[in-house]
Amino acid sequence: MKNQKGNCDCETASKIVLSCSGAADLGCISDKVARKLNAEGIRKMGCLALAGANIESSINSFKSSNVLLIDGCAVECGKKILDNNEITNYSYLKLTDLGLVKGETEVTDHNINMVYNAATSLH
């Protein structure tokens, strides 16, 4: 999201969603759910790559925010990025824990809404 000055606000919100945005179907669903949470004003979408790139200001912002991380699969890329940066104060949702299977799950409104509903139940 852009603030009034046109700068990115994605790392400064108190309620942030970060997501896997990988090439597989579950990465796509994770990303779409994060974007929906952002569009509906429930959480601001942050950039997981900022933590992966060791951008200190973003890491510090994530540490002081209410973060929801949505990971696609058992590889847990997002979780590893946050844990490696000592970001521990986050809620966690992994799509495979919801019964979705990497490489076998269609990116449909039904699946996006199912994950969205699970995400909105987390604080």
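**Reading the model**

Analyst: Asn54 has its place in the loop between helix H2 (48–52) and helix H3 (56–63). Helices are DSSP runs of H or I with at least four residues, strands are runs of E with at least two, and both are numbered from the N terminus. This is a predicted model, in which local features need pLDDT of at least 70 and side-chain atom pairs count only at pLDDT 80 or more, while totals for chains, interfaces and linings use all residues. Residues are numbered from 1 along each chain as its sequence is written, and side-chain values use heavy atoms, with hydrogens and water left out.

User: How many helices and strands does the protein chain have, and in which pattern do they follow one another?

Analyst: The protein chain has five helices and four strands. Along the sequence they run β-α-β-α-α-β-α-β-α.

User: In which order do the strands stand in the sheet?

Analyst: Two strands are paired if DSSP finds at least two bridges between them. Here four strands make an open sheet, ordered S2-S1-S3-S4, with parallel pairing. S2 and strand S4 (90–94) are at the edges and have a single partner strand each, so one side of each lacks a neighbour in the sheet. Five bridges join S3 and S4 in the parallel sense, and Leu68 has Ser91 in S4 as its bridge partner.

User: Which strands does H1 touch?

Analyst: A contact requires heavy atoms within 4.5 Å. H1 packs on the sheet and touches strand S1 (15–19), S2 and S3, its direction making about 150° with that of S3. Such angles run from 0 to 180 degrees between N-to-C directions, with axes fitted to C-alpha atoms, for helices over the stretch in contact.

User: Which residues touch the most other members of the largest nonpolar core?

Analyst: A nonpolar core is a set of buried Ala, Val, Leu, Ile, Met, Phe, Trp, Tyr and Cys residues joined through side-chain atoms within 4.5 Å. In the largest one, of 18 residues, Val33, Leu37 and Ile70 touch the most other members. Helix H1 (25–39), strand S3 (66–71) and helix H5 (109–120) each contribute at least two residues to this core. Leaving aside residues up to four places away in sequence, Val33 touches Ile70, Ile112, Val115, Tyr116 and Ala119. Another core, of 11 residues, lies apart from it and includes Ile59, Val67, Leu69 and Leu82.

User: How much of the protein chain is buried?

Analyst: Of its 123 residues, 43% are buried. Among contacts with a separation of 6 or more, 66% join residues 24 or more positions apart.

User: Where does pLDDT stay under 50?

Analyst: The pLDDT is the predictor's confidence in each residue, from 0 to 100. The protein chain averages 91, and 89% of the residues score at least 70. Over residues 1–7 the pLDDT stays under 50, and the model has nine contacts beyond four places in sequence for this stretch.

Definitions and conventions: Buried < 20%, exposed > 50% of the residue type's maximum accessible area, 1.4 Å probe, protein only.
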